Amino acid sequence: MGLTTGRRTVFAAVCAVAVASIYAAQPVLAEIGGDLGVPDAGLGWIVAAGQLGYLAGLAVLVPLGDLVDRRKLIAGHLLLTAVGAVLAAAATQTWLLLTGLALAGLFAVVVQTTVAYAAALSTSDERGRTLGVVTSGVVIGILGARVAAGALAGLWGWRSVYVALAVLLVTLAGLVLKTMPPDPRRDGTTYRQVVTSLGGLFREPLFLSRGLIAFFLFASFGALWSGLSLPLAAAPWNLSTAQIGLFGLVGLAGALGAARAGRWADRGHTSLVTGGALVLLAVSWLAAGQPSLWLLGVGVLVLDFAVQAVHVSNQHLLTAAHPDRTSSVIGGYMIFYSLGSALGAATTTTAFAAAGWTGSSILGAAFAGCAFAVWAVAKAGARRLSLRTP
């Protein structure tokens, strides 16, 4: 069937706004805490609520994309994400805020349904290009949310962030229903069968190897972005929150530059792109770990380029291998992403406390090395298998 540029743009916008509903709280945590009386020690739960909801949605909601009309499913999940954003904006007590953020996180897995639907609508020779464009929306949402939320909160307070998200989510739901083709399902597959098949994916070598690469890849990504504000806010730099936020723009530039990785994957260079990008990932930490803002900026740029290139290549391979159940395979793959991101976030602050930013940089580089090792072992295994096959 193929996808027009307009439809790719709509898909990318859906991903950007939906994922922003999870990350928008990060730059305004202090303001939320002051407004609702949340102590500093409890602020982490504000971010965790959305992440926990998201993790649950990966296992429970994403498989629905292999059962029902994805156009309607995407629109419905966008509206329910908007309900969560409205609850967060109206919250006067912490429990209501957490409920709203958890609800928004749960249905923000519309991102994975959208990526899977975009892959399914693409022809085989344009799938990588489509994934590159659509997943760029995810990166825009993750990194751009930090900049936009800080600006909105500075003008109208933190609640305006969630009001704006709700308006955008409702608008996109209507746009999806208007512009996307119907996606009827008539094969009689049950939800239980889809979930069971999702479990079976974890025994497949390709899925497991690409999942483990994603696990270490996003652990390295999390080590950077969850710990970066610590050295920047401390001596000798002592940067303000607004100045620290500018590094999000640097990362965004790097990630968007990697959109071309999808075109390389379409030409059959997926393995080469993955291996080369993982080497770049490790090298980026050599720059990021130096006591220079310029080198740190270069490291951030290269790291985000490498992460996005590998991420696109992984999804291209998996959706090409499982064209009949793209939602399940993307949902299962993103479980590795979620767990890896959590590992990076949890360990980078410990490493920083023990050995400063040098410790965090060594940790991030180690995660990159583990991802490269998984890729190398999987590549060697595939080569041995091809030699044995007559």
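Is Val111 buried or exposed? Val111 counts as buried, because its relative accessibility is 1%; buried here means under 20% relative accessible area, exposed means over 50%, and partly exposed is in between, with a 1.4 Å probe and protein chains only.

Hello everyone, and a quick word on the ground rules. This is a predicted model, where local features need pLDDT of at least 70 and side-chain atom pairs count only at pLDDT 80 or more, while totals for chains, interfaces and linings use all residues. Residues are numbered from 1 along each chain as its sequence is written, and side-chain values use heavy atoms, with hydrogens and water left out.

Back to Val111, then. Val111 sits in helix α6, residues 110–121; helices are DSSP runs of H or I with at least four residues, strands are runs of E with at least two, and both are numbered from the N terminus. Leaving aside neighbours within four places in sequence, Val111 is in contact with Cys15, Ala18, Val19 and Val138, contact being heavy atoms within 4.5 Å. Have a look at Phe11 as well: from Val111 to Phe11 is 100 residues in sequence, with 8.8 Å between their C-alpha atoms.

Now to the salt bridges. How many does a search of the whole structure find? The search finds three, a salt bridge being a side-chain nitrogen of Lys or Arg within 4 Å of a carboxyl oxygen of Asp or Glu.

Let me take Glu126 and Arg8 to begin with. The closest N and O atoms in their salt bridge are 3.1 Å apart. This pair links distant parts of the chain, with Glu126 in the loop between α6 and α7 and Arg8 in helix α1 (residues 5–23), 118 residues apart. Both Glu126 and Arg8 are buried.

Next come Arg159 and Asp35, whose salt bridge has its closest N and O atoms 3.0 Å apart. Here too the pair links distant parts of the chain: Arg159 is in helix α8 (residues 159–179) and Asp35 in helix α2 (residues 29–36), 124 residues apart. Arg159 is partly exposed, since its relative accessible area is 24%. Asp35 is also partly exposed, with a relative accessible area of 42%.

Then we have Asp183 and Arg70, with 2.9 Å between the closest N and O atoms of their salt bridge. Asp183 lies in the loop between α8 and α9 (191–201) and Arg70 in helix α4 (residues 70–90), so this pair ties together parts that are 113 residues apart in sequence. Both Asp183 and Arg70 are buried.

Arg210 belongs to helix α10, residues 205–225. Not counting residues up to four places away in sequence, Arg210 touches several residues, among them Ser271, Asn314, Tyr333 and Trp375.

Tyr333 turns up again with His311: leaving aside neighbours within four places in sequence, His311 is in contact with Leu217, Phe218, Tyr333 and Met334. His311 is placed in helix α15 (residues 293–321) and counts as buried, because its relative accessibility is 6%.

Let's move to the backbone. Most residues other than glycine have a negative phi, and most peptide bonds are trans. The peptide bond from Ala235 to Pro236 is cis, with omega near 10°, and Pro236 is in the loop between α11 (229–233) and α12 (241–257). Asn238, also placed in the loop between α11 and α12, has a positive phi of about 50° although it is not a glycine.

Finally, the surface. Patches are made of residues with over 30% relative accessible area and no salt bridge, like charges being joined within 9 Å and nonpolar side chains (Val, Leu, Ile, Met, Phe, Trp, Tyr) within 5 Å. Arg129, Arg260, Arg263 and Arg267 form a positive surface patch. Arg129 lies in helix α7 (residues 127–156) and counts as partly exposed, because its relative accessibility is 31%.

There is a nonpolar patch too, formed by Val279, Val283, Leu286 and Phe372, with about 340 Å² of accessible area together; the areas come from the Shrake-Rupley method with a 1.4 Å probe, and for residues only the protein chains shown count as cover. Helix α14 (residues 270–288) gives the most to the nonpolar patch, with three residues. Val283, in helix α14, counts as partly exposed because its relative accessibility is 44%.

Key. Lys and Arg count as positive and Asp and Glu as negative; His and the chain ends are not counted. The place of a charge is taken as NZ of Lys, CZ of Arg, CG of Asp or CD of Glu.
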